[in-house]
Amino acid sequence: MKNCLSFFLLVCLIAISGCATPQGLKQVRGELVIVDETVKTIELKTLALKEELEKKTEAITTLRKGQAGVGADITELRDHIQQLKGIVEGLRKDILTMVQQANRRDEEYKVLREKLDNISFKINFIESFLGISKKSELGEVAAGRDRQGVSPPSKDAIKGKADRESVYAAAYETFKEGKYEKARTEFQNFLKQFSDTEYSDNAQFWIGECYYLEKKYEKAILEYEKVAKNYPQGNKVPYALLKQGFSFLELGDKSSARIILQQVIKDYPHTNQARIARAKLMEIK
């Protein structure tokens, strides 16, 4: 640009020198010097502006790179946050699953406790059933001891004993078959025929059991009460009291249940029924 401008000025100078006076040429030369200095000044400013522009361009480039890096960092952070959200969601699902499993376990434990209670009382049933033969054996031993001083039983007495045993055994078989309503009726008929025998307290207890297993807990409580009231010396009293306590629990009457279970522990401290009562009291809140 500088060379073109100088050439143009030179051409102009030659053209002017052909028709100008010496004084005019001197003036033109002075103006050319001024123009040349002005051009130099402009060139210096242009160069400074160019350098400033390059610096700003470099700064902008650096800024853009920084912004790109920040953008990449933000993208990476978003990815991490998304991953953390996934982990948190997974933990929530795991916790929910664990809570559901714990609830199911509580239900399973409750069912197991009920099954254990039923099994324990089935064992009691078997013990009571075996008690029939024990009572018979005791009666035979007693009869053997007094055989010399006592007349042998009459045929009618033997027949009567066989009758009550067969009636009782038939009712108990019906009970074991799970026909509780029919068994209850048969035990009630037994008590009408044989109100005061070695099997009467058992029969009364099984009547209460029939109601209990039918979930008629209020009637069961009344029948269990008759065991303790009518046969206080019988071996079924602690069983009946324990099942009374269980019946009150089924009805939601924890206060009455505690009283009955504590009575079992107090009156029969060294029995299986007392141990069961203690365990049940620990479960009651």
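**Notebook: a walk through a helical chain**

I opened at helix α7, where V237, P238, Y239, A240, L241, L242, K243, Q244, G245, F246, S247 and F248 are buried. For my own reference, buried means under 20% relative accessible area, exposed over 50%, and partly exposed in between (1.4 Å probe, protein chains only). Helices here are DSSP runs of H or I with at least four residues, strands are runs of E with at least two, and both are numbered from the N terminus.

A note on the source: this is a predicted model, in which local features need pLDDT of at least 70, side-chain atom pairs count only at pLDDT 80 or more, and totals for chains, interfaces and linings use all residues. Residues are numbered from 1 along each chain as its sequence is written, and side-chain values use heavy atoms, with hydrogens and water left out.

**Entry: the whole chain**

I looked up the elements and found nine helices and zero strands in the protein chain. Of its 285 residues, 25% are buried. I also checked contacts, meaning heavy atoms within 4.5 Å. Among the contacts in the chain with a separation of 6 or more, 54% join residues 24 or more positions apart.

**Entry: more on α7**

How many residues of α7 are buried? I found 12 of its 14, so this helix is mostly covered. From first C-alpha to last, α7 reaches 20 Å, close to the 20 Å expected at 1.5 Å a residue. The expected span is 1.5 Å times one less than the number of residues. Just after α7, I noted G252 with a positive phi of about 85°.

**Entry: α8**

Next I moved to α8, residues 254–267, which has 14 residues and also reaches 20 Å, close to its expected 20 Å. Its buried residues are A257, I260, L261, V264 and I265. They cover an arc of only 140° around the axis, which puts them on the same side of α8. (The arc is that of the directions from the helix axis to the C-beta atoms.) The face turned away from that buried side carries the exposed residues I259 and K266. What do the buried residues of α8 pack against? I found α7 (237–250) and α9 (272–283).

I then picked out Q262, another residue of α8. At 45% relative accessibility, Q262 counts as partly exposed. Its C-alpha is separated by 7.3 Å from that of A277, 15 residues apart along the chain.

**Entry: α4**

Helix α4 has 14 residues, which should span 20 Å at 1.5 Å a residue, and its end C-alpha atoms are 20 Å apart, in agreement. I listed A183, R184, F187, F190 and L191 as its buried residues. They share the same side of α4, because their arc around the axis is only 120°. On the face turned away from the buried side I found the exposed residues E181, K192 and Q193.

**Entry: the core**

A nonpolar core is a set of buried Ala, Val, Leu, Ile, Met, Phe, Trp, Tyr and Cys residues joined through side-chain atoms within 4.5 Å. The largest one has 37 residues, and those with the most contacts inside it are Y168, F175, F187, F190, F205 and W206. I checked who contributes: α3 (155–176), α4 (180–193), α5 (200–213), α6 (217–230), α7 and α8 each supply at least two residues. A background reminder: in soluble globular proteins, nonpolar side chains tend to be buried together.

**Entry: aromatic rings**

Rings of Phe, Tyr and Trp (its six-membered ring) pair if their centres lie within 6.5 Å; planes under 30 degrees apart count as stacked, over 60 as edge-to-face and the rest as tilted. I found 12 aromatic pairs in the structure. One of them joins F190 and F194, and it is tilted, with 5.2 Å centre to centre and 45° between the planes. F190 is buried, with a relative accessible area of 0%, and F194 counts as buried at 16%.

Y172, F175, Y180, F205, W206, Y224 and Y239 form one aromatic cluster. A charge sits over a ring if NZ of Lys or CZ of Arg is within 6 Å of the ring centre and within 35 degrees of the ring normal. The charged end of K236 sits over the ring of F205, 5.9 Å from its centre. K236 also lies over the face of Y239, at 4.8 Å from the ring centre.

**Entry: a loop residue**

Last, I looked up K215, in the loop between α5 and α6. K215 is not a glycine, yet its phi is positive, near 65°. Most residues other than glycine have a negative phi. Is K215 buried or exposed? I found it exposed, with a relative accessible area of 62%.
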